[in-house]
Amino acid sequence: MTEEHAVVIVGAGPTGLVLAGELALAGIDVAIVERRPDQELAGSRAGGLSSRTLEDRFLAQGQVAQVTGFAVTRLDISDFPTRHNYGLALRQKHIERILAGWIDELAVPVHRGRELKGFVQDDAGVTIELSGGEKTLRAGYLVGCDGGRSLVRK
């Protein structure tokens, strides 16, 4: 069985989720493949959002931080000419949970617990093989948002 989409994104971390959401908002048929069975994360990863990336959906979940840093230098950003002239302390596990909720609202299909096993590109697009073997995906574009060891990037 082959499922077709305009774009398939491998990886449901912050980058893959934001890309999928923005494509869906633009009316582009997009799907995500994610090896994890849910949005839970083991260990500590990113710790916050900068002023230029903040959206209202995150504000109630985090803690405002008026000071940010670059290397060891502390920077006061209270005079930034932006709607949110502060950073927001919010762990990546919460960021991903919020973004996954947004993706659900946009009805983006997410193939959880599946890994990219291989893909073949031709003149018309990409055929994508998933773990489990019973389903393949077909897309015009395949995007690797699954880290530095990504099969797509290799």
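**Notebook: helix α1 and what lies against it**

I began with helix α1 and looked up what covers its buried residues, and found that the cover includes β1 (2-10), β2 (30-34) and α3 (92-105). I take helices (H or I, at least four residues) and strands (E, at least two) as DSSP runs numbered from the N terminus, buried as under 20% relative accessible area, exposed as over 50% and partly exposed as in between, with a 1.4 Å probe and protein chains only, and contact as heavy atoms within 4.5 Å.

I note that this is a predicted model, in which local features need pLDDT of at least 70 and side-chain atom pairs count only at pLDDT 80 or more, while totals for chains, interfaces and linings use all residues. Residues are numbered from 1 along each chain as its sequence is written, and side-chain values use heavy atoms, with hydrogens and water left out.

**Whole chain**

I counted three helices and eleven strands in the protein chain, and reading along the sequence I wrote down the pattern β-α-β-β-α-β-β-β-β-α-β-β-β-β. Of its 154 residues, 38% count as buried. Among the contacts with a separation of 6 or more, 62% come from residues 24 or more positions apart.

**Helix α1**

I checked the length of α1, which runs over residues 14-25: its twelve residues reach 16 Å from first C-alpha to last, close to the 16 Å expected at 1.5 Å a residue, the expected span being 1.5 Å times one less than the number of residues. Gly16, Leu17, Ala20, Gly21 and Leu23 are its buried residues. They cover an arc of only 165 degrees around the axis, which puts them on the same side of α1; the arc is that of the directions from the helix axis to the C-beta atoms. On the other side of α1 I found Thr15 and Leu25 exposed. Just after the helix, Gly27 takes a positive phi of about 85 degrees.

**α1 against α3**

I then compared the two axes, which come within 10 Å and cross at roughly 25 degrees. That makes α1 roughly parallel to α3, as angles under 35 degrees count as roughly parallel, over 145 as roughly antiparallel, 65 to 115 as roughly perpendicular and the rest as oblique. From α1, residues including Leu17, Ala20 and Gly21 take part in the meeting with α3, whose side includes Glu96, Leu99 and Ile103.

In α3 the buried residues are Gln92, Ile95, Glu96, Ile98, Leu99, Ala100, Trp102 and Ile103. Its 14 residues should span 20 Å at 1.5 Å a residue, and its end C-alpha atoms are 20 Å apart, which agrees. Just after α3, Ala107 takes a positive phi of about 60 degrees.

I looked up Ala12, which sits in the loop between β1 and α1 and counts as buried because its relative accessibility is 0%. Leaving aside neighbours within four places in sequence, the contacts of Ala12 include Leu17, Val33 and Glu96. The C-alpha atoms of Ala12 and Leu99 are separated by 9.3 Å, although these residues are 87 apart along the chain.

I finished with Val8 in strand β1, which counts as buried at 0% relative accessibility. With neighbours within four places in sequence left aside, Val8 is in contact with Ala31, Val33, Ile128, Leu137, Ala139, Tyr141, Leu142 and Val143. For Val8 and Tyr141, 133 residues apart along the chain, the C-alpha separation is 6.4 Å.

Note on methods: Axes fitted to C-alpha atoms, helices over the stretch in contact; angles between N-to-C directions.
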